[in-house]
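Okay everyone, thanks for coming. Let me put the structure up, and we'll walk through a few spots together.

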Amino acid sequence: MNIYLAPMEGITGYIYRKNQNKFFGGVDKFFTPFITPSFKGLPSKTERDILPENNDGMYLVPQILTNNANGFISLCKILEDYGYREFNLNLGCPSGTVTAKGKGAGFLAYTHELDCFLDEIFKSGYTISVKTRLGRKDPEEFYKLLEIYNRYPISELIIHPRTAAELYKNHPHYDMYAYAMEHSSHKLCYNGDIFTPSAYDTFSEQMGKPDNIMLGRGVVINPALPRILKAGGYVTVTELKEFYFALYEDYSRVLSGPVPLMHKLKEVLTYMLMLFEDCDKIAKRIKKSKNLREFDAACQELFSCSLKDRDSHISLSREG
């Protein structure tokens, strides 16, 4: 089984990817947080994120968010100069600010325009995978979308089986993923709500063991999850502590001061906190910390707590 790390804006940049790969491993393919084409070229932050020297030892795929075919192809050409040969089209982002512009999962509502867009970008000859949702509002929109996808040489179809309107609510539509398994002409990858080994087992029992899965929030909660799914075992507090302080050190080098550093680390810990037992008071202190001194003291206490059972249920309202 191949495991991919889903892009999560603000979290899974090169520093996070590098340290997850170093301390835990198990990820076969990483994806950048989405990049939007710009006539000004790559912003410096994006360039740092995709520089080969910042992603050594990892297979990285740039993810592109656009509904403009010329913009997509132009960005591929820029990224090709950095050594990239595979690209991912984001048709899965359900954020209202994205879908309102007809991008991400919002593009799925415009099937004629999407068909023309795909026709143009696949004429470029680039290797392109697609991350998609089932549609804008109704899961049954996926029947038409899959017909369109089957017309093109998509290298891999990564499916999060919810609509854009559902965001991360309700249960993923396994029936629609099963439909894709039967009717898609492409290699498939499943994405959605696999946060624990037991969640993976439940999916496998119902759908069969997948060849490829994409994990997002599950990895940010437990960065050892890919390793555990492949080889068994557990994550330890010591591992998490070492990983966290490596992130701390790396972020402190590139962020401008203690406040941005604290906010960045809070983003990561908001997820990791779900692994720890009986830490509600510490979690509140972490989230309400007004300065780095308060934040650091609460984090030190956190790593003296015990971890939950590895199969403890985790329910979330955000995803990658």
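So, which backbone nitrogen lies 3.0 Å from a polar atom of the side chain of serine 184? That would be the backbone nitrogen of histidine 186. Quick reminder before I go on: this is a predicted model.

Let's stay with serine 184 for a moment. You'll find serine 184 in the loop between α7 (174–183) and β8 (188–191). Buried or exposed? Serine 184 has a relative accessible area of 15%, and the cut-off for buried is under 20%, so serine 184 is buried. Leaving out residues up to four places away in sequence, serine 184 touches Leu146, Asn150, Leu157 and Tyr179.

Next stop, arginine 217. This one sits in helix α9, which covers residues 217–221. The relative accessibility of arginine 217 is 0%, so arginine 217 counts as buried too. And what does its side chain do? The arginine 217 side chain makes a polar contact, at 3.1 Å, with the side chain of aspartate 193.

On the α1 side, the contact includes Tyr14, Ile15 and Phe23, and on the α11 side, Phe243, Ala246 and Leu247 are among the residues involved. Sorted by class, that contact has nine nonpolar, two polar and four charged residues.

Key
Residues numbered from 1 in each chain as written. Predicted model: local features only at pLDDT ≥ 70, side-chain atom pairs only at ≥ 80, totals over all residues. Heavy atoms only, no water. Contact = heavy atoms within 4.5 Å. Helix = DSSP H or I, 4+ residues; strand = E, 2+ residues; numbered from the N terminus. Nonpolar A, V, L, I, M, F, W, Y, C, P; charged D, E, K, R; others polar. Buried < 20%, exposed > 50% of the residue type's maximum accessible area, 1.4 Å probe, protein only. Polar contact = N/O pair within 3.5 Å; in protein donor to acceptor, adjacent residues only side chain to side chain.
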